[in-house]
Amino acid sequence: KDPNLLKDAFLSNVPTTLFLLLPLFALLLKIAYVFKRRLYMEHLIVALHSHAFLCLDLLLVLLVRALESWVAQNPGALASGFGWIEGLLILWMPIYLLIMQKRVYAQGWPMTLLKYFLLGTCYTILLSFALVASAAIGLVAM
């Protein structure tokens, strides 16, 4: 009945969920780049780097939102810039991950783009299931 109950149950399990998804994402990378002859550990490092970047970027988005709500009490010229900053931070996420994948695995743009979208789709599906399961586990555990 409390609207914050689901939010708290969900947020308390997100770090564990992301941690459990790291080896699965590394496995997806291993499958996508099977002919590159890289060790699984190398793909795990790429997965760790990707997740760390996403967490940092999301933290910055949340900080911008908090700063925006604080400044909104006294709106002025500064308040209008927060939407742009937040939009640029969100836009930077997929761009950075694409550039990182291109540099790490050193393939041409067509193959990099194909694998980027395939990996992104698979990971989005995995993440969706994991977050729903995390929220369900958080509710049951309460």
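Helix α2 has 32 residues, which at 1.5 Å a residue should span 46 Å, and its end C-alpha atoms are 46 Å apart, so the two values agree. The expected span of a helix is taken as 1.5 Å times one less than its number of residues. Helices here are DSSP runs of H or I with at least four residues, strands are runs of E with at least two, and both are numbered from the N terminus. The buried residues of α2 are H43, L44, V46, A47, S50, H51, F53, D57, V61, V64 and V71. Buried means under 20% relative accessible area, exposed means over 50%, and partly exposed lies in between, with a 1.4 Å probe and protein chains only.

The model is predicted: local features need pLDDT of at least 70, side-chain atom pairs count only at pLDDT 80 or more, and totals for chains, interfaces and linings use all residues. Residues are numbered from 1 along each chain as its sequence is written, and side-chain values use heavy atoms, with hydrogens and water left out.

**The chain as a whole**

The chain has four helices and zero strands, in the order α-α-α-α from the N terminus on. Of its 142 residues, 30% count as buried. The accessible surface comes to about 9600 Å², and carbon and sulfur atoms account for 77% of that area. Accessible areas come from the Shrake-Rupley method with a 1.4 Å probe; for residues, only the protein chains shown count as cover.

Contact means heavy atoms within 4.5 Å. Among the contacts in the chain with a separation of 6 or more, 64% are between residues 24 or more positions apart. V14 lies in helix α1. Leaving aside neighbours within four places in sequence, V14 is in contact with L131 and S134.

**The nonpolar core**

The largest nonpolar core has 25 residues, and F25 and L29 have the most contacts inside it. Two or more residues of this core come from each of α1 (3-32), α2 (40-71), α3 (77-105) and α4. A nonpolar core is a set of buried Ala, Val, Leu, Ile, Met, Phe, Trp, Tyr and Cys residues joined through side-chain atoms within 4.5 Å. In soluble globular proteins, nonpolar side chains tend to be buried together. Beyond its neighbours within four places in sequence, L29 is in contact with H43, V46, A47, Y105 and L119.

Q101 is in helix α3 and counts as buried because its relative accessibility is 8%. Its side chain makes a polar contact with the side chain of Y33 at 2.7 Å. A polar contact is a pair of N or O atoms within 3.5 Å; within protein, one must be able to donate a hydrogen and the other to accept it, and residues adjacent in sequence count only if both atoms are side-chain atoms. With neighbours within four places in sequence left aside, Q101 is in contact with Y33, A106, T112, K115, Y116 and L119.

T112 is in helix α4 (residues 109-141) and is buried, with a relative accessible area of 0%. The side chain of T112 reaches the backbone oxygen of Q107 at 3.4 Å. Not counting residues up to four places away in sequence, T112 touches L98, Q101, K102 and Q107.

**Salt bridges**

The whole structure holds two salt bridges. A salt bridge is a side-chain nitrogen of Lys or Arg within 4 Å of a carboxyl oxygen of Asp or Glu.

| Salt bridge | N to O distance |
|---|---|
| R38 and E42 | 3.8 Å |
| R65 and E86 | 2.8 Å |

The pair of E86 in helix α3 and R65 in helix α2 links distant parts of the chain, 21 residues apart. E86 is buried, with a relative accessible area of 12%, whereas R65 is partly exposed at 44%. In the other pair, R38 is partly exposed at 24%, and E42 is partly exposed at 34%.

**Two loop residues with positive phi**

R37 lies in the loop between α1 and α2. Its phi is near 55°, a positive value in a residue other than glycine. R37 counts as exposed because its relative accessibility is 77%.

A106 is found in the loop between α3 and α4. Phi of A106 is near 50°, which is a positive value in a residue other than glycine. With a relative accessible area of 55%, A106 is exposed.
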